[in-house]
Amino acid sequence: MGEPIDLVQRDPNAINAHLGSLFFNDVIAEPDGIHSIDCVWKLSWKCFELWKKLCYVIMTACCGLCIAAEWGCEFAYIAFCHIWCITPSLKVLEINCGVCQKIYATLVNCCMVPCCEACGAIFNAFRK
């Protein structure tokens with residue numbers, strides 16, 4: 001299954017760094033000159049933090065396993081398609097294009113090179 005899961009650092013590659021820290025002060029702020037009473041501010045902070053954590057826990061408990069299973073299936077399907085369909089198809093295309101490239105190079109060398117050399121010889125005579 002790979003390396004053991006880190007239960008402390010859960011986003012080591014900063015995949016969701018765009019979400020920031022999601023703290024109360026990052027979402028709700030009162031500017032200087034207008035403040036609610038202190039007990040409302042403190043209770044608002046506690047409410048925000050409690051409901052943020054509680055709702056996240058409930059949503060992940062209800063949906064997290066099913067969503068993780070679906071994403072596991074999705075990435076398994078992508079790996080399957082690449083391993084068994086896309087990569088072999090690209091190899092077939094590469095082989096066939098290699099043959100076409102050789103045919104094209106032969107035609108150019110047989111038909112175009114002599115004409116270009118003849119034209120070059122004519123213009124070379126003008127230079128003298």
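Student: What is the relative accessible area of Cys 100, and how is the value read?

Tutor: Buried means under 20% relative accessible area, exposed over 50%, and partly exposed in between (1.4 Å probe, protein chains only). Cys 100 has 49%, and is therefore partly exposed. The model is predicted: local features need pLDDT of at least 70, side-chain atom pairs count only at pLDDT 80 or more, and totals for chains, interfaces and linings use all residues. Residues are numbered from 1 along each chain as its sequence is written, and side-chain values use heavy atoms, with hydrogens and water left out.

Student: How many disulfides does the structure hold?

Tutor: A disulfide is a covalent bond between the sulfur atoms of two cysteines; the criterion here is a pair of such atoms within 2.5 Å. The structure holds zero. Cys 85 is in none, the nearest cysteine sulfur, that of Cys 81, being 5.4 Å away. Cys 85 is partly exposed, at 39% relative accessibility. For Cys 100, the closest cysteine sulfur belongs to Cys 97, at 5.9 Å, which is too far for a bond.

Student: Which residue forms a salt bridge with Lys 52?

Tutor: A salt bridge requires a side-chain nitrogen of Lys or Arg within 4 Å of a carboxyl oxygen of Asp or Glu. Two are found in the whole structure. Lys 52 pairs with Glu 49, their closest N and O atoms being 3.3 Å apart. Lys 52 is partly exposed at 28%, whereas Glu 49 is buried at 10%.

Student: Where do Glu 94 and Lys 91 lie?

Tutor: Helices are DSSP runs (H or I, at least four residues), numbered from the N terminus. Glu 94 and Lys 91 are both in helix α2, three residues or about one turn apart. Their salt bridge has its closest N and O atoms 3.6 Å apart. Glu 94 is exposed at 51%, and Lys 91 partly exposed at 44%.

How values were computed. Helix = DSSP H or I, 4+ residues; strand = E, 2+ residues; numbered from the N terminus.
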